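Thanks for coming. I have one structure to go through today, so please look at the screen.

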Amino acid sequence: MKPKILVYMRVDDRVIKELEKDFHITSFQNHEYIGNRTFDQALKEADGIIGLALKVNKELLDLAPNLKIVSNVSVGYDNLDIEELTKRKIMATNTPGVLDDTTADAIFGIMLSTARRIPELDQFVKSGKWDISLQPNQYGVDVHHKTLGIIGMGKIGRAIAQRAHLGFGMNILYHNRSRNKEAENIYNATYCELDELLKQSDFVCLMVPSTKDTNKMIGAAEFKKMKKSAIFINGSRGKNVDEDALYHALSNGDIHAAGIDVFTEEPTNPNNPLLQLKNIVTLPHIGSSTTECEYGMSKLAAENLHAGLSGKKPPSLLNEDASGKEK
Ligand code: GLV
């Protein structure tokens, strides 16, 4: 009998078709599965699950006695309780590598949109207000040759540094748990302590994973250390930033502007006060959301699932100690 898998948002249709050859699939492609009986039944029988952002915690795992692998269709895995999964010998995998360039492109889009006020000026044209030439109070600020501080120099951070240094002639500062010699040698990035980075950067770009150590790591004190002209970009996870402090920093003029792709709660509440501000560009977590990249992530997640359920080591296994559960 084919192993049973549960597919939830968002796995590419072509990849689901491939998976159907080897697995018995139950698929949920919208958010209505939470607390849904059919979902719970499929979970009860599932050997593997594949999808995005489902909170996989103790309570969920109690409903899934047969589970051998959780294949996350994202590089971030803050939705997974890795300790609990490992304790139960359930493999966990993610999709590193395939989204680095796509996400770095998105971050650059957000930086440019914020600095050059692109969404606001788009609205200006579309609403028919463009009657005379642009006024100085509508001008943006330059991106090229400015100082970019990247907090979190992983693979995506490095792809951002590449664009910034080679394309925009920017000076790169970075802060990271460990030194990144490649970024230093190829993109001329300079390692510095967080405080120094905050003080010196024209653009501060947050790219760290979400862990208990990074929770609200950028708050009131950090915004105060930034230049008043600084533009803050969050391309990581909303929880890494104190949203109230960001609101105050933007409305008090502690920083010039912000561009954020992520929120503490997603989707964010339409009444989130940040959405009322003019000097913030907001996006609905688009980092890896291109047709090509989403396909690549789904494919890698399927490879992980396939390997895990056929007794092989998944290419992006997060918890080595969990492999080897009796199949
Ligand atoms: C996107 O945010 C991801 O973690 O893949």
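Leaving aside its neighbours within four places in sequence, which residues is D12 in contact with? They are Y295 and S298, where contact means heavy atoms within 4.5 Å.

Before I go on, some ground rules. This is a predicted model, in which local features need pLDDT of at least 70 and side-chain atom pairs count only at pLDDT 80 or more, while totals for chains, interfaces and linings use all residues. Residues are numbered from 1 along each chain as its sequence is written, and side-chain values use heavy atoms, with hydrogens and water left out.

Back to D12. D12 sits in the loop between β1 (4-8) and α1 (13-22). D12 is buried, at a relative accessible area of 17%; buried means under 20% with a 1.4 Å probe, protein chains only. A polar atom of the D12 side chain is 2.8 Å from the backbone nitrogen of R14.

Next, the ligand. Oxygen atoms of the ligand are placed as follows: one is 2.8 Å from a polar backbone atom of V75, one is 2.8 Å from an N or O atom in the R237 side chain, and one is 2.7 Å from a polar side-chain atom of H285. The ligand taken alone exposes 190 Å², and the protein buries 85% of that.

Last, H175. H175 belongs to strand β7 (residues 171-175) and is buried, with a relative accessible area of 17%. Not counting residues up to four places away in sequence, H175 touches several residues, including I150, Y191 and L197.

How values were computed: Polar contact = N/O pair within 3.5 Å; in protein donor to acceptor, adjacent residues only side chain to side chain. Areas by Shrake-Rupley, 256 points an atom, 1.4 Å probe, with all protein chains shown as cover. Helix = DSSP H or I, 4+ residues; strand = E, 2+ residues; numbered from the N terminus. Buried < 20%, exposed > 50% of the residue type's maximum accessible area, 1.4 Å probe, protein only.
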